[in-house]
Each structure stands twice: as structure tokens, then as C-alpha cells.
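User: Hey, could you walk me through this model? I'd like to begin with the ligand.

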Amino acid sequence: ESSLKTRWAGKEIHYFDRTDSTNIQARLAGEAGASHGTLAVAEIQDGGRGRRGRNWISPAGVGVWMSLLLRPEISPVSASMLTLVMALAAQKGIKEATGIESQIKWPNDLVLNKKKICGILTEMGTEFMEIKYVVIGTGINVNQEEFPEELRKTATSLYLETGKKYHRSRIIERILEALEEYYGIFVKTEDMSALLEEYNEKLVNQGQEVCVLDPKGEYRGLCQGITKTGGLLVELSDGTVTEVISGEVSVRGV
Ligand code: BTN
């Protein structure tokens, strides 16, 4: 039984025992005219996808593998900020469903004890330079008891960090509720201005030294939080502040 208290988020759910990728399913639903707030969820993904062409391991029954279809009336330029909005919602939803306080790793991962528990992949469908739909895919490692060797240093699950198993459906419900609320705030201004403070409070490495790796090279600086357009401010050793734009950059603590 569901106790979902939303007006539109997850009001229509496409459930799959098994699918390639819920992002693909949500995109298909988007092309077929499904409404704003439609959710695709799967028990297992055979072709789960991550950012930068990586794959996302999505075993059966232990994670939240879901993709939310949105039809925002915003400029395509603003769409990438929806990923930050989802990061906030996932952080809050996990907190409310489990009591676990994770942190945001800019732009859109959640970490617990510095290891990744959640990743977000946003994809956009456009038509005549306008947004037709946006799909926000969210993967959360909930009850995994182990990870492949090559991931153990960087990834973990809620179970591995706390020794407890959690209800995935409750996590999904609380995230959808939080998302609906944050989304409403975001679309008013089409930027992060009203959510910036909360995002920065939850930001891992805030006020600490970070290492930024972009196509031009590697440099260190002090992490000063995000701007209202979603970039990350980093103060360099000579005192200048640069704004790191998400994309081909990686930021890590030192
Ligand atoms: C990343 O951190 O690289 C993003 C991972 C996104 C994974 C989720 S799981 C549900 C949805 N379907 C996919 O194929 N990917 C996203």
C-alpha cells in the first residue's frame, strides 16, 4: 500500500520487474506523451547507465532504480539544474525514510562516509529548441551486501554503512514528495537562488580544499559552494575565485 502524498510526482508509475534502463523507459514514455511526473521504476536493470558513458550496476531487489519524467516550462539552459534539485530531494527523501544524513557531492552524487550511495543521470528531449521533456534517473544503493572489487573503494550501500536494511518503496515516496516541493521552488525563478543555502549546507567538502580536474589540467582550491546557476565556486591560492561549470570536470577532496 502506498502513502505517497504528492499532487503530480509519481502519480503514474510504470513498473518493470526487469528492464534495460529506466531512463530509456521514461524517454519512451516521454515520446509517447506520458504526463509530467510519470515515474519508471525497475527491480533490475540489465543496461543501467551512468554519466560519461559509464554503466551503472543495478542488481535485483537491492537498489532504487528509477527515472522521473518532467515537462518543465523552462529554457533548455536551465535544465541541468534539475539534477541539483533532484540531488537535494534524494538527500532529504533518504533522510526522512531512513534517518541517514548523506551529503551532496557536487553536482549530483550523494555520498555517505565519502563513498557514493546515489548517482543521478539527467537527459533531455528537445523539439524546436524547446524542452519536450526531461528524464531524471536516480540510482540508490540501498541493501547491497557487497560490491565488485573495483568499486569497493568508491561505492557503498546504506546497508553496508549502517548494518540495517531499508524499505525501498518508502525511500522512493519520500524522495518524490521532496522533489515535488523543491521543483515548485526551483521553477519560480528557474535557478537555485532559493535552494542555494540548503544545497551548500549539505555539500561535502564545503569550506575545504578540493582538487578540480578539468580538460585544461588539475588545480587545487577552497570549495565555496554553488552559485544560483549551479556552478561551483572554488577559491584559488592567489585569492581569485573561479566558477567550475559541471560537465567534464571532477572535484574531489584532498
Ligand atoms: C552516475 O552517477 O553516473 C549516474 C547514475 C544514474 C543511475 C540511474 S539508475 C536509474 C536510471 N536508469 C539508468 O540507466 N541510470 C539511472
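User: Which residues come nearest to the ligand?

Analyst: Of the 21 residues around the ligand, the nearest are Ser21, Gly50, Gly119, Gly137 and Gly139. Being near here means that the C-beta atom, placed from the backbone, lies within 6 Å of the molecule. Bear in mind that this is a predicted model: local features need pLDDT of at least 70, side-chain atom pairs count only at pLDDT 80 or more, and totals for chains, interfaces and linings use all residues. Residues are numbered from 1 along each chain as its sequence is written.

User: Which elements each supply at least two residues of that shell?

Analyst: Those are α1 (22–31), β3 (63–70), β6 (115–127) and β7 (130–141). The names follow DSSP runs numbered from the N terminus, with helices being H or I of at least four residues and strands being E of at least two.

User: And how does the shell split by class?

Analyst: There are 12 polar, 5 nonpolar and 4 charged residues around the ligand. Ala, Val, Leu, Ile, Met, Phe, Trp, Tyr, Cys and Pro count as nonpolar, Asp, Glu, Lys and Arg as charged, and the others, Gly among them, as polar.

User: OK, switching to domains. What does the assignment give?

Analyst: It gives domain 1 (13–200) and domain 2 (205–253), with bounds that come from an automatic or database domain assignment. Their C-alpha centres lie 23 Å apart.

User: How many residues are in contact across the two?

Analyst: On the domain 1 side 11 residues are in contact with 9 residues of domain 2, where contact means C-beta atoms, placed from the backbone, within 7 Å. On that side of domain 1, α2 and α5 (196–201) give two or more residues each, and α5 has the largest share, 3 residues. By class, the side of domain 1 that touches domain 2 has 7 nonpolar, 3 polar and 1 charged.

User: What about the largest nonpolar core, how many residues has it?

Analyst: That core has 64 residues, and Val85 and Leu179 have the most contacts inside it. Helix α2 (residues 81–98) gives the most to this core, 11 residues. Domain 1 and domain 2 both give residues to this core, so it lies between them. A nonpolar core is a set of buried Ala, Val, Leu, Ile, Met, Phe, Trp, Tyr and Cys residues joined through C-beta atoms within 7 Å. Buried means 20 or more other C-beta atoms within 10 Å of a residue's own, exposed means 12 or fewer, and partly exposed is in between, with C-beta atoms placed from the backbone.

User: Which residues is Val85 in contact with, leaving aside neighbours within four places in sequence?

Analyst: Tyr182, Tyr183 and Phe186.

User: Now Ser80. Where is its place?

Analyst: Ser80 sits in the loop between β3 and α2. Leaving aside neighbours within four places in sequence, Ser80 is in contact with Thr122, Gly230 and Ser246. With 18 other C-beta atoms within 10 Å, Ser80 is partly exposed.

User: Gly230 again, which hairpin is that in?

Analyst: Gly230 is in the hairpin of β9 and β10, which has 5 residues between the strands, and takes a positive phi near 95°. Strand β9 (residues 217–226) and β10 pair in the antiparallel sense over 3 bridges; strands pair if DSSP finds at least two bridges between them. Leu222 stands opposite Glu235 in β10.

User: Which residues make up the covered face of β10?

Analyst: Leu232 and Val234 are on the covered face, while Leu233 and Glu235 are on the uncovered one. Val234 has Thr242 in β11 as its bridge partner.
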